[in-house]
Amino acid sequence: MIRTDTIKFRSDLAHAYNSFGYRALLINKSCNFYDYISYIIQDDDNTEVKCHLHKNDIVMIQEEDYDKSYAIIKGIFTHKGNDNNYYPFIYVDWFEDAYQTHDKLDCPKFMLYQDDSWHQIFPLTVINEIQKTHFVHNCTTRCKDDDHDPNNNQYLKNEFFFTII
Ligand SMILES: [Zn+2]
């Protein structure tokens, strides 16, 4: 559950607007959340590529303040700017490299970052790669099928998943 009435949410949203040069004080407060969004981007050859983004997708984000990092989409929402246009944003939880590998699988371990000192709201356009990275939960006996133990914040990055042999 993402709370939109917090100072942290408002300041992250303002920061996200600033990142594309929009500096006015935000008037509208309400945000509309979606589980899914599809949109079209133009790649370098001007080819249009249709993108789909779902809540809980894992994406790679490259943002000025951070290096390339991985994040999980916890919310997709639009907010009405002062110019009455709706702007799409994502709300993420960041992964932090644990600089460890799993004993048996030899995959890098990541943890969900639990401090809220990192910005968590970004314009949709910040996403570089959707699901080209494959993370799996480092499941414990408390996980059942798709019902993962929320108290375990460890994930493994499967680096072999997209290797075609
Ligand atoms: Zn699990």
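**Exercise 1. In this predicted model, find the hairpin formed by β6 and β7, and say which residue in the turn has a positive phi.**

Solution. Start with the turn: 6 residues lie between β6 and β7, and D106 there has a positive phi of about 60°. Next, look at the pairing itself. β6 and β7 (residues 108-112) are antiparallel and share 4 bridges.

**Exercise 2. Which strand does β7 join through 3 bridges, and in which sense do they run?**

Solution. Follow β7 to β11: the 3 bridges between them connect strands that run antiparallel. A handy landmark is F110, which has Y155 of β11 as its bridge partner.

**Exercise 3. Which element gives the largest share of the largest nonpolar core?**

Solution. Begin with the core, which has 24 residues; F89, I90, V92 and F122 touch the most other members. Then list the elements that each supply at least two residues: α1 (7-18), β4 (58-61), β5 (69-80), β6 (86-101), β8 (121-123) and β11 (154-157). The largest share, 6 residues, belongs to β6. Finally, zoom in on I90: leaving aside residues up to four places away in sequence, I90 touches I73, G75, I76, F122 and L124.

**Exercise 4. How many residues of β2 are buried?**

Solution. Check the 7 residues of β2 (residues 36-42): the count of buried ones is 0, so the strand is hardly covered, given that a buried residue needs 20 or more other C-beta atoms within 10 Å of its own. Now turn to its partner. β2 runs antiparallel to β3 (residues 48-54), with 7 bridges joining them, and S38 has H52 as its bridge partner in β3. The two strands form a hairpin with 5 residues between them, where N46 in the turn has a positive phi of about 65°.

Definitions and conventions:
Residues are numbered from 1 along each chain as its sequence is written. This is a predicted model: local features need pLDDT of at least 70, side-chain atom pairs count only at pLDDT 80 or more; totals for chains, interfaces and linings use all residues. A nonpolar core is a set of buried Ala, Val, Leu, Ile, Met, Phe, Trp, Tyr and Cys residues joined through C-beta atoms within 7 Å. A residue is buried if 20 or more other C-beta atoms lie within 10 Å of its own, exposed if 12 or fewer, and partly exposed in between; C-beta atoms are placed from the backbone. Two residues are in contact if their C-beta atoms, placed from the backbone, lie within 7 Å. Two strands pair if DSSP finds at least two bridges between them.
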